[in-house]
Amino acid sequence: MKTLKSICVYCGSNAGSQPLFEQAAIQLGELLAREGIRLVYGGGSIGLMGAVAKTVLENGGKVTGVIPKFLKEREVMLEDAHELIVTQDMHERKRTMFEKADAFIALPGGIGTLEELVEMLTWAQLGRHDKPMLLLNLDQFWTPLVELLDHMRGLGFIRPDSDITYEITSDVSQSVDILCKAIEGCKVEHPDVKDM
(Lines give C-alpha, C1' and ligand atoms only; values in the text may rest on other atoms or scores of the structure.)
Protein backbone atom coordinates (compact mmCIF):
# COMPACT_ATOMS: atom_id res chain seq x y z
CA MET A 1 0.00 0.00 0.00
CA LYS A 2 1.30 3.44 -0.94
CA THR A 3 1.45 6.13 1.69
CA LEU A 4 1.30 9.88 1.30
CA LYS A 5 4.27 11.04 3.36
CA SER A 6 5.23 14.35 1.75
CA ILE A 7 3.52 17.07 -0.26
CA CYS A 8 5.24 19.79 -2.23
CA VAL A 9 3.37 23.08 -1.93
CA TYR A 10 3.89 25.72 -4.60
CA CYS A 11 2.84 29.21 -3.54
CA GLY A 12 3.77 32.86 -3.57
CA SER A 13 6.58 34.55 -1.70
CA ASN A 14 4.04 37.37 -1.33
CA ALA A 15 0.79 37.04 0.62
CA GLY A 16 -1.40 38.46 -2.15
CA SER A 17 -4.18 41.00 -1.81
CA GLN A 18 -6.87 38.70 -0.38
CA PRO A 19 -6.71 37.69 3.32
CA LEU A 20 -8.29 34.39 2.23
CA PHE A 21 -5.00 33.30 0.64
CA GLU A 22 -2.94 33.55 3.83
CA GLN A 23 -5.77 32.02 5.88
CA ALA A 24 -5.78 29.05 3.50
CA ALA A 25 -1.98 28.70 3.72
CA ILE A 26 -2.25 28.58 7.51
CA GLN A 27 -5.12 26.06 7.33
CA LEU A 28 -3.08 23.90 4.96
CA GLY A 29 -0.08 24.04 7.30
CA GLU A 30 -2.26 22.90 10.20
CA LEU A 31 -3.68 20.07 8.10
CA LEU A 32 -0.26 18.81 6.97
CA ALA A 33 1.06 18.83 10.53
CA ARG A 34 -2.04 17.08 11.88
CA GLU A 35 -1.85 14.37 9.20
CA GLY A 36 1.89 13.86 9.73
CA ILE A 37 2.71 14.82 6.15
CA ARG A 38 6.06 16.50 5.53
CA LEU A 39 5.90 19.85 3.78
CA VAL A 40 8.31 20.27 0.87
CA TYR A 41 8.43 23.87 -0.31
CA GLY A 42 10.59 26.69 -1.62
CA GLY A 43 12.45 27.46 1.61
CA GLY A 44 11.38 31.06 2.23
CA SER A 45 9.91 32.61 5.36
CA ILE A 46 7.78 35.36 3.78
CA GLY A 47 4.46 35.46 1.95
CA LEU A 48 2.32 32.35 1.59
CA MET A 49 5.49 30.22 1.63
CA GLY A 50 6.34 31.49 5.09
CA ALA A 51 2.76 31.18 6.33
CA VAL A 52 2.39 27.51 5.42
CA ALA A 53 5.89 26.50 6.58
CA LYS A 54 5.77 28.35 9.91
CA THR A 55 2.34 26.91 10.63
CA VAL A 56 3.56 23.36 9.97
CA LEU A 57 6.46 23.96 12.39
CA GLU A 58 4.26 25.60 15.03
CA ASN A 59 1.99 22.55 14.96
CA GLY A 60 4.77 19.98 15.32
CA GLY A 61 5.05 18.98 11.67
CA LYS A 62 8.13 18.42 9.52
CA VAL A 63 9.41 20.85 6.89
CA THR A 64 11.89 20.49 4.04
CA GLY A 65 12.87 23.80 2.47
CA VAL A 66 14.64 23.96 -0.89
CA ILE A 67 16.05 27.31 -1.94
CA PRO A 68 18.68 28.45 -4.45
CA LYS A 69 21.64 30.42 -3.15
CA PHE A 70 20.67 33.64 -4.90
CA LEU A 71 17.24 33.71 -3.18
CA LYS A 72 18.43 33.08 0.40
CA GLU A 73 18.12 36.77 1.29
CA ARG A 74 15.38 37.82 -1.11
CA GLU A 75 12.97 35.13 0.10
CA VAL A 76 14.40 35.23 3.64
CA MET A 77 15.41 31.59 4.01
CA LEU A 78 13.60 29.79 6.85
CA GLU A 79 16.41 28.64 9.11
CA ASP A 80 14.08 26.61 11.35
CA ALA A 81 13.20 24.01 8.72
CA HIS A 82 14.06 20.43 9.74
CA GLU A 83 15.82 19.94 6.43
CA LEU A 84 17.17 22.91 4.49
CA ILE A 85 18.68 22.34 1.06
CA VAL A 86 20.48 25.19 -0.71
CA THR A 87 20.75 24.57 -4.44
CA GLN A 88 22.93 26.11 -7.12
CA ASP A 89 20.01 27.29 -9.26
CA MET A 90 16.27 27.12 -9.90
CA HIS A 91 16.50 23.97 -12.01
CA GLU A 92 18.14 22.05 -9.16
CA ARG A 93 15.60 23.49 -6.73
CA LYS A 94 12.62 22.29 -8.75
CA ARG A 95 14.15 18.87 -9.36
CA THR A 96 14.91 18.41 -5.65
CA MET A 97 11.39 19.45 -4.64
CA PHE A 98 9.97 17.00 -7.18
CA GLU A 99 12.12 14.12 -5.93
CA LYS A 100 11.19 14.70 -2.28
CA ALA A 101 7.42 14.92 -2.84
CA ASP A 102 4.72 12.28 -3.20
CA ALA A 103 2.18 14.84 -4.47
CA PHE A 104 1.78 18.55 -5.23
CA ILE A 105 -0.53 21.35 -4.15
CA ALA A 106 -0.65 24.77 -5.80
CA LEU A 107 -1.82 27.68 -3.68
CA PRO A 108 -2.06 31.13 -5.29
CA GLY A 109 1.20 32.73 -6.35
CA GLY A 110 2.95 34.58 -9.11
CA ILE A 111 4.89 33.62 -12.22
CA GLY A 112 7.26 31.37 -10.27
CA THR A 113 4.37 29.38 -8.79
CA LEU A 114 2.76 29.10 -12.20
CA GLU A 115 6.03 27.98 -13.78
CA GLU A 116 6.59 25.28 -11.14
CA LEU A 117 3.06 23.97 -11.52
CA VAL A 118 3.11 23.97 -15.31
CA GLU A 119 6.44 22.13 -15.33
CA MET A 120 4.93 19.35 -13.20
CA LEU A 121 1.89 19.22 -15.50
CA THR A 122 4.25 18.98 -18.47
CA TRP A 123 6.33 16.20 -16.92
CA ALA A 124 3.13 14.28 -16.16
CA GLN A 125 1.88 14.76 -19.71
CA LEU A 126 5.19 13.40 -21.01
CA GLY A 127 4.93 10.35 -18.74
CA ARG A 128 7.83 11.38 -16.49
CA HIS A 129 5.77 11.06 -13.29
CA ASP A 130 2.32 10.05 -12.05
CA LYS A 131 2.27 12.00 -8.79
CA PRO A 132 -1.08 13.70 -8.22
CA MET A 133 -1.43 17.46 -8.45
CA LEU A 134 -4.07 19.61 -6.80
CA LEU A 135 -5.02 23.21 -7.56
CA LEU A 136 -6.41 25.00 -4.51
CA ASN A 137 -8.78 27.24 -6.41
CA LEU A 138 -9.27 29.88 -3.73
CA ASP A 139 -11.53 32.72 -4.85
CA GLN A 140 -11.36 31.23 -8.38
CA PHE A 141 -7.63 31.97 -8.55
CA TRP A 142 -6.80 29.03 -10.87
CA THR A 143 -9.97 29.26 -13.01
CA PRO A 144 -8.26 31.25 -15.81
CA LEU A 145 -5.56 28.53 -16.06
CA VAL A 146 -8.19 25.78 -16.21
CA GLU A 147 -9.99 27.73 -18.95
CA LEU A 148 -6.72 28.17 -20.86
CA LEU A 149 -6.01 24.42 -20.67
CA ASP A 150 -9.54 23.73 -21.94
CA HIS A 151 -8.93 26.24 -24.75
CA MET A 152 -5.67 24.50 -25.71
CA ARG A 153 -7.44 21.13 -25.61
CA GLY A 154 -10.29 22.43 -27.77
CA LEU A 155 -7.84 23.69 -30.40
CA GLY A 156 -6.01 20.37 -30.53
CA PHE A 157 -2.82 21.39 -28.74
CA ILE A 158 -3.45 18.96 -25.88
CA ARG A 159 -4.19 15.61 -27.49
CA PRO A 160 -6.56 13.11 -25.84
CA ASP A 161 -3.77 10.52 -25.74
CA SER A 162 -1.47 12.85 -23.79
CA ASP A 163 -3.99 14.74 -21.69
CA ILE A 164 -3.00 16.15 -18.32
CA THR A 165 -4.65 15.15 -15.08
CA TYR A 166 -5.03 17.30 -12.01
CA GLU A 167 -7.45 17.67 -9.14
CA ILE A 168 -9.10 20.94 -8.16
CA THR A 169 -10.90 22.16 -5.05
CA SER A 170 -11.49 25.32 -3.06
CA ASP A 171 -11.79 23.35 0.20
CA VAL A 172 -8.40 23.19 1.94
CA SER A 173 -9.69 20.65 4.46
CA GLN A 174 -10.29 18.11 1.68
CA SER A 175 -6.92 18.52 -0.07
CA VAL A 176 -5.05 15.61 1.55
CA ASP A 177 -7.97 13.22 1.06
CA ILE A 178 -8.34 14.27 -2.60
CA LEU A 179 -4.64 13.67 -3.28
CA CYS A 180 -4.66 10.31 -1.50
CA LYS A 181 -7.69 9.15 -3.51
CA ALA A 182 -5.75 9.98 -6.69
CA ILE A 183 -3.02 7.48 -5.67
CA GLU A 184 -4.08 3.87 -6.15
CA GLY A 185 -4.08 2.03 -2.83
CA CYS A 186 -3.06 5.15 -0.90
CA LYS A 187 -3.50 5.75 2.77
CA VAL A 188 -2.37 8.58 4.99
CA GLU A 189 -0.18 7.42 7.87
CA HIS A 190 -1.30 9.12 11.05
CA PRO A 191 1.90 9.34 13.11
CA ASP A 192 2.18 8.71 16.80
CA VAL A 193 2.84 11.91 18.71
CA LYS A 194 6.28 10.59 19.73
CA ASP A 195 7.30 10.38 16.04
CA MET A 196 6.65 14.06 15.45
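The conversation below goes through cores, salt bridges and backbone angles in this predicted model.

Q: How many residues does the largest nonpolar core have?
A: The largest nonpolar core has 35 residues. Among those with the most contacts inside it are Leu4, Ile7, Val9 and Leu28.

Q: Which helices and strands supply at least two residues of this core?
A: Helix 1 (19-35), helix 2 (47-58) and helix 6 (175-181) each do. Strand 2 (6-10), strand 3 (38-41), strand 6 (103-106) and strand 7 (133-136) also each supply at least two.

Q: What is Leu28 in contact with, leaving aside its neighbours within four places in sequence?
A: Leu28 is in contact with Val9, Val52, Ile105, Leu107, Leu136, Val172 and Ser175.

Q: Which residues does the second core include?
A: That core is separate and has 23 residues, including Cys8, Phe98, Phe104 and Trp123.

Q: Changing topic, how many salt bridges does the structure hold?
A: The structure holds 7 salt bridges. In one of them, the side chains of Glu83 and Lys100 meet at 3.1 Å, N to O. Because Glu83 lies in strand 5 and Lys100 in helix 3 (residues 90-100), this pair ties together parts that are 17 residues apart in sequence.

Q: Why does Lys94 count as buried?
A: Lys94 counts as buried because its relative accessible area is 6%, and the cut-off for buried is under 20%.

Q: What about Asp150 and Arg153?
A: Asp150 forms a salt bridge with Arg153, and their closest N and O atoms are 2.6 Å apart. Both residues lie in helix 5, 3 residues apart, which is about one turn of the helix.

Q: Which residues do salt bridges that share partners join into one network?
A: Lys94, Glu115 and Glu119 are joined in this way.

Q: Last topic: what is the phi of Val76?
A: Val76 has a positive phi of about 50 degrees, although it is not a glycine. Val76 lies in the loop between strand 4 (63-68) and strand 5 (83-87).

Q: And Asp139?
A: Asp139 is not a glycine either, yet its phi is positive, about 55 degrees. Asp139 lies in the loop between strand 7 and helix 5 (143-154), and counts as exposed at 52% relative accessibility.

Terms used
Residues are numbered from 1 along each chain as its sequence is written. This is a predicted model: local features need pLDDT of at least 70, side-chain atom pairs count only at pLDDT 80 or more; totals for chains, interfaces and linings use all residues. Side-chain values use heavy atoms; hydrogens and water are left out. A nonpolar core is a set of buried Ala, Val, Leu, Ile, Met, Phe, Trp, Tyr and Cys residues joined through side-chain atoms within 4.5 Å. Buried means under 20% relative accessible area, exposed over 50%, partly exposed in between (1.4 Å probe, protein chains only). Helices (H or I, at least four residues) and strands (E, at least two) are DSSP runs, numbered from the N terminus. Contact means heavy atoms within 4.5 Å. A salt bridge is a side-chain nitrogen of Lys or Arg within 4 Å of a carboxyl oxygen of Asp or Glu.
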